[in-house]
Amino acid sequence: MLKEDIKDKIKENLKVLSCKKLDNATKQEIFNAVAFLARDLVSDNWIKTRNVYNIKNPKILCYLSMEFLMGRFLGNTLINLSLDNDFEKALKDFDIDYNLLEESEKDPGLGNGGLGRLAACFLDSLSTLEFPAYGYGIRYHYGIFEQHIKNGYQIEKFDNWLENGDPFGVRRTELSQEVKFFGHVVSQIKPNGSYRFYLENYQLVNAVPYDYPVVGYDNSTVNTLRLWDSEAKNKFDLQSFNAGNYSKAVEEQNLAETISEVLYPADNHILGKELRLKQQYFFISATLQEILKNFLIRNNDFEELSNKVALQLNDTHPSIAIAELMRLLIDEYNVDWEKAWKITRKTCAYTNHTIMSEALEKWPVDLFSRLLPRIYMIIEEINKRFCDNLSKNFVNNHEKIKSMSIIYDNQVRMANLAIIGSHSVNGVARLHTEILKKRELSSFYDIYPEKFNNKTNGITQRRWLAHANPELANLITEKISDEWLTNLESLRELKKFINDKNFCDEFNKVKENNKIKLANFIYKTQNILVDHNFIFDVQIKRLHEYKRQSLNILHILYLYNQIKTNPDFDFEPTIFIFSAKSAANYHRAKLIIKLINSVADLINNDKFASDKIKIVFVPNYCVSLAEKIIPAANISQQISTAGKEASGTGNMKFMLNGAITLGTLDGANIEILEEVGEKNIYIFGLTADQINEYKKNNSYNPKEIFNNNQNIRLILTQLINGTLDKDTELFREIYESLINFDEYFILRDFESYKNTYKKINFDYKDKHKWTKSAIMNTSCSGKFSSDRTIKEYAKDIWNLKKININ
């Protein structure tokens, strides 16, 4: 578009949407006018993409995920349309800063961490690579929560991301589906002597879809993210209202809306568990009903379903799709069991994202059978047939059968259902996949070796370089062209500039500018002065004990002790930047947030120590915040306990933006090491195999380390002696857990971490060497594009072909 056309359209949209002219419109109204223009620009290709899919009838991927952490839509849409610079110039004529205008868009509250962000990267890559695909999830009204910090503690408030409208979302009322809960199962004998099952006295909820465009870069493909909103079938009871029973008049609507209110409601009580299971079944049932109806418009034989539809289960949450697909085929479309099971297994594929037990979901049988009685019957039958087959192959091996059973110990084990009912089971980094095959899921691997495969995660360079770090993106394009936008491996060409002083200076200038921007943001939002000449050391990710933010903060306390006792302590000044949300009911993780902030208060208020160390905890971690922090980072802390982090994608984002990794041999860190070489990454700590040996032999004794290591003894004692808080019992739980259990080997890895950190801090002094290493990280990040990952999924699992919309 010409600049003048953009300006005219913005003014027209302001008039239509707000009945205002530019000179008296609010920033939010201007943003909405710009956002609706962006959506309008993709509408023709969005319609065209759907029409081409309808005509050509290709195989379509349906990506099922509880989370889609999309980030702001406007900037990514304009970049993929190659119109970001044109819009920036047009807005500049209005004396409007495009970057400040972007701040008017709230991050959609549709995800929590890496799982949702990966899903978003995958959708971007699918459209850019011209693969036909839909994403399916839930349109949460209030996200997970908006994090505030008060007196060092995490406070959760609802995240009202929809309060200013939803300019990129399109409501599709005509495509609504009905989802049934509770009730009881009734059987009916069919003419052929078989049984038909259906529900009676059920609770009915309407699933209403909202569509969001997913724009491919530099092509005409616009795929769809479809998110389901829950509504009552009968929203308002007028008779109850007129009788004065106002609460009852809206009771059904309130109950229905609860399903799509919040992502991951607290489940430490039965109602929370019930709501989570409702959410999962709600979006899966609505999705599969739609998929099968669409399939029958263009096809007439369900045996062809796996040739036209690929269902990818993004972690264990959507695994109920296997039982629901069976229900629909058998109960609604009269397909016999054996045929339905064959179709289901050929259609479904499962990605495992973690070995953490809390993510391998298990539901109480009484809850499951009460909420979803027909689904439970189907799972019982799947389990019976599976266990009967196991008994033939493993005679008298009852322990093995029990471990693999879907239903055992009064629980429904959803990961087992996902494995049994899918044709593919993949991990998300090479180490993670090997752990699944050899340890966590070894029994399944023994009987289904052909199912297991690895697909190392990736990130989209359009979001995490072009949008997040435009200065670096422009510098790279000037040197090697913009091919990297669709072929990240082309960044390897940057290696020839590693000894080019001018390029190194320019690379450093970009980093310095990003650090200044972040320092200004921190001062504006946290009122903490930050010297951009400090090392920017960053750990931003979901707060979980295995991610070991506690190792980081305990080490900072060690550094503080060294500075206080030794004025000549050689340490390059560093600001430690944290950002993380803890699950609302995860007490110890929330206590670690308090610990980080208490150590920050101690150090930041010490005039002597704060000349060398500062700590900032930036609240409400989200995509747009990560886009501010990552480009400014010098050090990327990826320090999870080896064997616990499935892959990680934050490590890839930092690497792409020229930060150097300090990490364990865990997840994708191993593959980053292989790409950049050991001189350009800092590795410490036990390996996954070493940790496994400790656990197998029950030979780890953290108390012995505490007794023998003076530094560790001092910092742990400081948790409970009043150094950090006058309440000496406040951090007692962390103290006791580390001394007596240390499940995540923090004390065991502390010395290795300390020594490696000393080296990374010392190496930073040689700015020339550091810059070369940073450039090497950026140039070697090509493997970690989600474009590469999606090509592997499409070839190895989905059998998906590209469709040219033109």
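**Note on the predicted model**

1. F444 is found in helix 19 (residues 442-447); helices here are DSSP runs of H or I with at least four residues, and strands are E runs of at least two, numbered from the N terminus. The model is predicted: local features need pLDDT of at least 70, side-chain atom pairs count only at pLDDT 80 or more, and totals for chains, interfaces and linings use all residues. Residues are numbered from 1 along each chain as its sequence is written, and side-chain values use heavy atoms, with hydrogens and water left out.

2. F444 counts as buried because its relative accessibility is 4%; buried means under 20% relative accessible area, exposed over 50%, partly exposed in between (1.4 Å probe, protein chains only). Apart from neighbours within four places in sequence, F444 is in contact with F386, M404, N416, I419, I420 and F452, contact being heavy atoms within 4.5 Å.

3. Helix 15 (residues 373-393) has 21 residues and reaches 31 Å from first C-alpha to last, close to the 30 Å expected; the expected span is 1.5 Å times one less than the number of residues.

4. Three bridges link strand 13 to strand 15 (residues 411-413), and W363 stands opposite V412 in strand 15.

5. A second open sheet has six strands in the order 20-19-18-21-22-23, paired in parallel. Strand 20 (613-617) and strand 23 (682-683) each have a single partner strand, so one side of each is left without a neighbour in the sheet. Strand 21 (residues 635-638) and strand 22 (residues 660-663) are joined by four bridges; Q638 stands opposite G663.

6. The lining of the second largest pocket comprises 24 residues, with N54, Y134, E290, N294 and R298 nearest its centre. A pocket is an open set of points on a 1 Å grid over the protein atoms alone, where a 1.4 Å probe fits, with protein on both sides within 12 Å along at least five of seven lines; lining residues have an atom within 4 Å of a point. Helix 10 gives the most to this lining, seven residues.

Key: Two strands pair if DSSP finds at least two bridges between them.
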